[in-house]
Amino acid sequence: MRRQEHRPISSEPKKPKKKHRFVKVILLLLVIGAAFLLYTHPYILDELVSLVVPRPVIYIVSDPANGGLDDYYTQMVYNAGGDVAMISTDESRDEMAFNLDHADAFIFTGGEDVDPALYGEKATTDTLLINRARDDFELALIEGADERDIPVLGICRGMQLINVHRGGTLIQDIPSALPDAVVHRDPLMQSFAFHSLTFEPNSHLADLLHHPETVEVNSWHHQAVDQLGEGLVAAGRAEDGIVEAIEDPSKPFFIGVEFHPERLPLESEVSLPLFRALVNAARK
(Lines give C-alpha, C1' and ligand atoms only; values in the text may rest on other atoms or scores of the structure.)
Protein backbone atom coordinates (compact mmCIF):
# COMPACT_ATOMS: atom_id res chain seq x y z
CA MET A 1 0.00 0.00 0.00
CA ARG A 2 1.36 3.37 -1.07
CA ARG A 3 1.97 5.73 1.77
CA GLN A 4 0.45 9.20 1.35
CA GLU A 5 2.56 12.18 2.17
CA HIS A 6 1.10 14.81 4.48
CA ARG A 7 2.29 18.31 3.72
CA PRO A 8 2.27 20.80 6.58
CA ILE A 9 -0.54 23.35 6.47
CA SER A 10 0.77 26.88 6.34
CA SER A 11 -0.30 29.11 9.21
CA GLU A 12 0.16 32.26 7.12
CA PRO A 13 -3.12 33.79 5.82
CA LYS A 14 -3.65 33.73 2.13
CA LYS A 15 -3.08 37.04 0.44
CA PRO A 16 -6.20 38.42 -1.32
CA LYS A 17 -6.08 38.23 -4.99
CA LYS A 18 -5.29 41.46 -6.79
CA LYS A 19 -8.48 41.05 -8.80
CA HIS A 20 -10.63 41.19 -5.64
CA ARG A 21 -8.80 44.30 -4.46
CA PHE A 22 -9.43 45.96 -7.78
CA VAL A 23 -13.19 45.21 -7.62
CA LYS A 24 -13.40 46.65 -4.08
CA VAL A 25 -11.65 49.84 -5.14
CA ILE A 26 -14.02 50.22 -8.10
CA LEU A 27 -17.08 49.68 -5.88
CA LEU A 28 -15.78 52.21 -3.34
CA LEU A 29 -15.22 54.79 -6.08
CA LEU A 30 -18.73 54.19 -7.41
CA VAL A 31 -20.25 54.69 -3.94
CA ILE A 32 -18.24 57.90 -3.40
CA GLY A 33 -19.19 59.15 -6.87
CA ALA A 34 -22.89 58.42 -6.30
CA ALA A 35 -22.83 60.17 -2.92
CA PHE A 36 -21.15 63.22 -4.43
CA LEU A 37 -23.66 63.31 -7.30
CA LEU A 38 -26.62 63.16 -4.91
CA TYR A 39 -25.07 65.88 -2.75
CA THR A 40 -24.46 68.27 -5.65
CA HIS A 41 -27.64 67.35 -7.59
CA PRO A 42 -30.15 66.20 -4.93
CA TYR A 43 -33.12 66.25 -7.32
CA ILE A 44 -31.59 63.28 -9.21
CA LEU A 45 -32.96 61.00 -6.48
CA ASP A 46 -36.46 62.26 -7.28
CA GLU A 47 -35.79 61.53 -10.94
CA LEU A 48 -34.85 57.93 -10.08
CA VAL A 49 -37.97 57.55 -7.92
CA SER A 50 -40.13 58.87 -10.75
CA LEU A 51 -38.87 56.09 -13.02
CA VAL A 52 -40.58 53.58 -10.72
CA VAL A 53 -43.37 55.64 -9.13
CA PRO A 54 -45.59 57.78 -11.40
CA ARG A 55 -45.04 61.52 -10.98
CA PRO A 56 -47.89 63.21 -9.11
CA VAL A 57 -49.65 65.95 -11.06
CA ILE A 58 -49.51 69.39 -9.47
CA TYR A 59 -52.20 71.75 -10.76
CA ILE A 60 -51.29 75.45 -11.08
CA VAL A 61 -53.60 78.29 -12.11
CA SER A 62 -52.51 80.18 -15.20
CA ASP A 63 -54.15 83.58 -15.66
CA PRO A 64 -54.06 84.73 -19.32
CA ALA A 65 -54.74 88.31 -18.22
CA ASN A 66 -51.64 88.19 -16.03
CA GLY A 67 -49.28 86.85 -18.70
CA GLY A 68 -49.87 83.14 -18.13
CA LEU A 69 -47.78 80.89 -15.90
CA ASP A 70 -44.21 81.67 -14.87
CA ASP A 71 -41.88 78.88 -16.04
CA TYR A 72 -40.02 79.01 -12.71
CA TYR A 73 -42.95 77.25 -11.01
CA THR A 74 -43.07 74.40 -13.53
CA GLN A 75 -39.31 73.87 -13.43
CA MET A 76 -39.26 73.67 -9.64
CA VAL A 77 -42.11 71.16 -9.60
CA TYR A 78 -40.35 69.05 -12.23
CA ASN A 79 -37.05 69.20 -10.30
CA ALA A 80 -38.93 68.03 -7.21
CA GLY A 81 -40.32 64.97 -9.03
CA GLY A 82 -43.75 66.15 -10.09
CA ASP A 83 -45.55 67.00 -13.31
CA VAL A 84 -47.59 70.16 -13.91
CA ALA A 85 -51.09 70.66 -15.27
CA MET A 86 -52.17 74.23 -15.92
CA ILE A 87 -55.64 75.56 -15.12
CA SER A 88 -56.94 78.70 -16.79
CA THR A 89 -59.06 81.17 -14.83
CA ASP A 90 -61.63 81.19 -17.65
CA GLU A 91 -62.51 77.51 -17.17
CA SER A 92 -66.09 76.49 -16.46
CA ARG A 93 -67.36 75.11 -13.15
CA ASP A 94 -67.59 71.65 -14.74
CA GLU A 95 -63.93 71.86 -15.71
CA MET A 96 -63.11 73.01 -12.19
CA ALA A 97 -64.89 69.97 -10.75
CA PHE A 98 -62.90 67.71 -13.10
CA ASN A 99 -59.64 69.30 -11.97
CA LEU A 100 -60.53 68.81 -8.31
CA ASP A 101 -61.24 65.14 -8.99
CA HIS A 102 -57.89 64.58 -10.72
CA ALA A 103 -55.36 66.88 -9.03
CA ASP A 104 -52.79 65.39 -6.68
CA ALA A 105 -51.97 68.87 -5.30
CA PHE A 106 -52.44 72.57 -6.05
CA ILE A 107 -50.13 75.58 -6.14
CA PHE A 108 -51.64 79.05 -5.95
CA THR A 109 -49.14 81.59 -7.22
CA GLY A 110 -48.32 85.29 -6.96
CA GLY A 111 -50.09 88.05 -8.84
CA GLU A 112 -52.50 90.92 -8.22
CA ASP A 113 -53.78 92.18 -4.89
CA VAL A 114 -56.70 90.42 -3.20
CA ASP A 115 -59.93 92.44 -3.25
CA PRO A 116 -60.55 93.82 0.29
CA ALA A 117 -64.31 93.31 -0.21
CA LEU A 118 -63.66 89.58 0.13
CA TYR A 119 -62.74 90.06 3.80
CA GLY A 120 -65.33 92.72 4.52
CA GLU A 121 -63.25 95.87 4.10
CA LYS A 122 -63.15 98.85 1.78
CA ALA A 123 -59.97 99.80 -0.04
CA THR A 124 -57.86 102.09 2.14
CA THR A 125 -55.29 102.83 -0.55
CA ASP A 126 -55.36 103.63 -4.27
CA THR A 127 -52.33 101.39 -4.90
CA LEU A 128 -54.34 98.17 -5.19
CA LEU A 129 -54.33 96.23 -8.44
CA ILE A 130 -57.32 93.87 -8.28
CA ASN A 131 -58.45 90.98 -10.48
CA ARG A 132 -61.75 89.96 -8.88
CA ALA A 133 -62.51 87.25 -11.46
CA ARG A 134 -59.25 85.52 -10.58
CA ASP A 135 -59.93 85.96 -6.86
CA ASP A 136 -63.32 84.24 -7.14
CA PHE A 137 -61.99 81.43 -9.33
CA GLU A 138 -59.05 80.58 -7.09
CA LEU A 139 -61.05 80.86 -3.89
CA ALA A 140 -63.49 78.29 -5.27
CA LEU A 141 -60.58 75.97 -6.06
CA ILE A 142 -59.04 76.45 -2.60
CA GLU A 143 -62.41 75.68 -1.01
CA GLY A 144 -62.73 72.49 -3.05
CA ALA A 145 -59.18 71.39 -2.27
CA ASP A 146 -59.66 72.17 1.42
CA GLU A 147 -62.84 70.08 1.58
CA ARG A 148 -61.09 67.12 -0.12
CA ASP A 149 -57.81 67.41 1.85
CA ILE A 150 -55.85 67.85 -1.37
CA PRO A 151 -52.37 69.27 -0.61
CA VAL A 152 -52.21 73.04 -1.17
CA LEU A 153 -49.24 75.39 -1.39
CA GLY A 154 -49.97 79.12 -1.60
CA ILE A 155 -47.17 81.45 -2.70
CA CYS A 156 -47.36 85.21 -2.00
CA ARG A 157 -50.86 86.12 -3.24
CA GLY A 158 -51.71 82.43 -2.90
CA MET A 159 -50.93 82.53 0.82
CA GLN A 160 -53.10 85.60 1.23
CA LEU A 161 -56.00 83.85 -0.54
CA ILE A 162 -55.68 80.83 1.76
CA ASN A 163 -56.05 83.17 4.73
CA VAL A 164 -59.05 84.99 3.21
CA HIS A 165 -60.68 81.63 2.35
CA ARG A 166 -60.55 80.73 6.04
CA GLY A 167 -62.11 84.05 7.09
CA GLY A 168 -58.90 85.96 7.79
CA THR A 169 -58.03 89.54 6.86
CA LEU A 170 -55.11 91.27 5.15
CA ILE A 171 -52.97 94.33 5.65
CA GLN A 172 -53.84 96.20 2.47
CA ASP A 173 -50.57 98.10 2.12
CA ILE A 174 -47.60 97.47 4.42
CA PRO A 175 -45.80 100.84 3.94
CA SER A 176 -49.03 102.75 4.74
CA ALA A 177 -50.15 100.61 7.67
CA LEU A 178 -46.72 99.83 9.14
CA PRO A 179 -44.22 102.55 8.19
CA ASP A 180 -41.49 101.02 10.39
CA ALA A 181 -41.72 97.58 8.74
CA VAL A 182 -38.79 96.18 6.78
CA VAL A 183 -38.94 96.54 3.01
CA HIS A 184 -41.13 93.75 1.62
CA ARG A 185 -41.26 95.06 -1.95
CA ASP A 186 -38.79 97.18 -3.88
CA PRO A 187 -40.46 100.64 -4.21
CA LEU A 188 -39.13 100.88 -7.78
CA MET A 189 -40.54 97.42 -8.63
CA GLN A 190 -37.25 96.46 -10.30
CA SER A 191 -36.05 93.53 -8.20
CA PHE A 192 -36.88 91.40 -5.18
CA ALA A 193 -36.41 92.77 -1.69
CA PHE A 194 -34.68 90.47 0.79
CA HIS A 195 -35.22 90.04 4.52
CA SER A 196 -34.92 87.36 7.18
CA LEU A 197 -37.64 84.85 8.07
CA THR A 198 -37.69 83.00 11.38
CA PHE A 199 -39.65 79.73 11.52
CA GLU A 200 -41.72 78.60 14.48
CA PRO A 201 -39.63 75.64 15.72
CA ASN A 202 -42.60 73.32 16.34
CA SER A 203 -44.42 74.11 13.10
CA HIS A 204 -45.27 71.50 10.50
CA LEU A 205 -43.48 73.61 7.88
CA ALA A 206 -40.24 73.71 9.89
CA ASP A 207 -40.45 69.94 10.26
CA LEU A 208 -40.93 69.45 6.50
CA LEU A 209 -37.92 71.68 5.79
CA HIS A 210 -35.72 69.87 8.34
CA HIS A 211 -35.92 72.62 10.94
CA PRO A 212 -34.24 75.71 9.55
CA GLU A 213 -34.23 78.57 12.07
CA THR A 214 -33.71 81.94 10.39
CA VAL A 215 -33.19 82.17 6.64
CA GLU A 216 -32.87 84.95 4.07
CA VAL A 217 -35.83 85.04 1.68
CA ASN A 218 -36.86 87.08 -1.33
CA SER A 219 -39.94 89.28 -1.08
CA TRP A 220 -42.31 91.01 -3.53
CA HIS A 221 -45.51 91.93 -1.72
CA HIS A 222 -47.17 94.96 -0.19
CA GLN A 223 -50.19 93.10 1.20
CA ALA A 224 -49.78 90.67 4.07
CA VAL A 225 -51.74 88.50 6.50
CA ASP A 226 -53.35 90.48 9.33
CA GLN A 227 -55.90 88.43 11.31
CA LEU A 228 -55.33 84.73 10.80
CA GLY A 229 -58.16 82.65 9.37
CA GLU A 230 -59.88 79.81 11.20
CA GLY A 231 -57.59 76.86 11.91
CA LEU A 232 -54.50 78.64 10.60
CA VAL A 233 -51.36 79.41 12.60
CA ALA A 234 -48.25 81.44 11.87
CA ALA A 235 -45.36 79.16 10.85
CA GLY A 236 -42.84 81.95 10.26
CA ARG A 237 -42.40 85.71 10.62
CA ALA A 238 -40.16 88.46 9.29
CA GLU A 239 -38.06 90.44 11.75
CA ASP A 240 -40.79 93.12 11.90
CA GLY A 241 -43.33 90.53 13.07
CA ILE A 242 -45.25 90.28 9.79
CA VAL A 243 -46.47 86.73 9.13
CA GLU A 244 -44.50 85.20 6.27
CA ALA A 245 -45.72 81.59 6.46
CA ILE A 246 -49.00 79.99 7.55
CA GLU A 247 -50.32 76.46 7.91
CA ASP A 248 -53.20 74.37 9.13
CA PRO A 249 -51.45 71.89 11.47
CA SER A 250 -54.45 69.56 11.37
CA LYS A 251 -53.94 68.83 7.65
CA PRO A 252 -51.14 66.88 5.92
CA PHE A 253 -50.20 69.85 3.70
CA PHE A 254 -52.11 73.15 3.75
CA ILE A 255 -49.35 75.75 3.69
CA GLY A 256 -48.77 79.30 2.50
CA VAL A 257 -45.51 81.24 2.19
CA GLU A 258 -45.18 84.94 1.42
CA PHE A 259 -41.78 84.67 -0.25
CA HIS A 260 -41.07 83.20 -3.71
CA PRO A 261 -39.35 79.79 -3.35
CA GLU A 262 -39.57 79.19 -7.12
CA ARG A 263 -37.12 82.08 -7.64
CA LEU A 264 -34.58 80.99 -5.03
CA PRO A 265 -31.52 78.83 -5.88
CA LEU A 266 -31.93 75.05 -5.73
CA GLU A 267 -29.50 74.87 -2.81
CA SER A 268 -31.65 77.18 -0.66
CA GLU A 269 -33.13 75.56 2.45
CA VAL A 270 -36.59 76.81 1.50
CA SER A 271 -36.82 76.39 -2.28
CA LEU A 272 -36.48 72.86 -3.69
CA PRO A 273 -37.10 71.23 -0.27
CA LEU A 274 -40.49 72.97 -0.08
CA PHE A 275 -41.53 71.75 -3.53
CA ARG A 276 -40.28 68.25 -2.67
CA ALA A 277 -42.41 68.26 0.47
CA LEU A 278 -45.44 69.19 -1.64
CA VAL A 279 -44.69 66.48 -4.22
CA ASN A 280 -44.22 63.89 -1.46
CA ALA A 281 -47.55 64.90 0.07
CA ALA A 282 -49.16 64.61 -3.38
CA ARG A 283 -47.91 61.02 -3.69
CA LYS A 284 -49.82 59.90 -0.59
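**Figure 1. The whole protein at a glance.** A residue is called buried when its relative accessible area is under 20%, exposed when that area is over 50%, and partly exposed in between (1.4 Å probe, protein chains only). By this rule, 47% of the 284 residues of the protein count as buried. The model is a predicted one, in which local features need pLDDT of at least 70 and side-chain atom pairs count only at pLDDT 80 or more, while totals for chains, interfaces and linings use all residues. Residues are numbered from 1 along each chain as its sequence is written, and side-chain values use heavy atoms, with hydrogens and water left out. The protein has 9 helices and 11 strands; these are DSSP runs (helices: H or I, at least four residues; strands: E, at least two), numbered from the N terminus. The protein exposes about 15900 Å², and carbon and sulfur atoms supply 55% of that area. Accessible areas come from the Shrake-Rupley method with a 1.4 Å probe, and for residues only the protein chains shown count as cover. A contact means heavy atoms within 4.5 Å. Among contacts with a separation of 6 or more, 71% join residues 24 or more positions apart.

Figure 2. In soluble globular proteins, nonpolar side chains tend to be buried together. A nonpolar core here is a set of buried Ala, Val, Leu, Ile, Met, Phe, Trp, Tyr and Cys residues joined through side-chain atoms within 4.5 Å. Look for Ile 107, Leu 153 and Leu 205, which touch the most other members of the largest core, a set of 34 residues. Helix 9 (residues 272-283) gives the most to this core, with 8 residues. Which residues does Ile 107 touch, not counting residues up to four places away in sequence? They are Ile 58, Tyr 59, Ile 60, Val 61, Val 77, Leu 153, Ile 155, Phe 275 and Leu 278. There is also a second, separate core of 30 residues, which includes Ala 103, Phe 108, Leu 141 and Leu 161.

**Figure 3. Aromatic rings in pairs.** Rings of Phe, Tyr and Trp (its six-membered ring) pair if their centres lie within 6.5 Å; planes under 30 degrees apart count as stacked, over 60 as edge-to-face and the rest as tilted. Searching the whole structure turns up 3 aromatic pairs. Phe 106 and Phe 108 form a stacked pair, 5.9 Å centre to centre with 25 degrees between the planes. Both Phe 106 and Phe 108 are buried. Phe 192 and Trp 220 make an edge-to-face pair, at 5.6 Å centre to centre and 75 degrees between the planes. Phe 192 lies in the loop between helix 7 (174-177) and strand 6 (193-199), and Trp 220 in the loop between strand 7 (214-219) and strand 8 (224-225), so the pair ties together parts that are 28 residues apart in sequence. Phe 192 is partly exposed at 25% relative accessible area, and Trp 220 is partly exposed at 27%. Tyr 59, Phe 106 and Phe 108 form one aromatic cluster.

Figure 4. In helix 4 (residues 93-102), Met 96, Asn 99 and Leu 100 are buried. These residues cover an arc of only 100 degrees around the axis, which puts them on the same side of helix 4; the arc is that of the directions from the helix axis to the C-beta atoms. An α-helix has 3.6 residues a turn, so residues three or four places apart point the same way. Asp 94 and Asp 101 are exposed on the other side of helix 4. The cover over the buried residues of helix 4 includes strand 1, strand 2 (83-88), strand 3 (105-108) and helix 5 (132-148).

**Figure 5. Two residues with a positive phi.** Most residues other than glycine have a negative phi, and most peptide bonds are trans. Asp 149 is not a glycine, yet has a positive phi of about 60 degrees. Where does Asp 149 sit? Asp 149 is in the loop between helix 5 and strand 4 (152-155), and is partly exposed with a relative accessible area of 47%. His 211, not a glycine either, has a positive phi of about 60 degrees. His 211 lies in the loop between helix 8 (204-208) and strand 7 and is partly exposed, at 45% relative accessible area.
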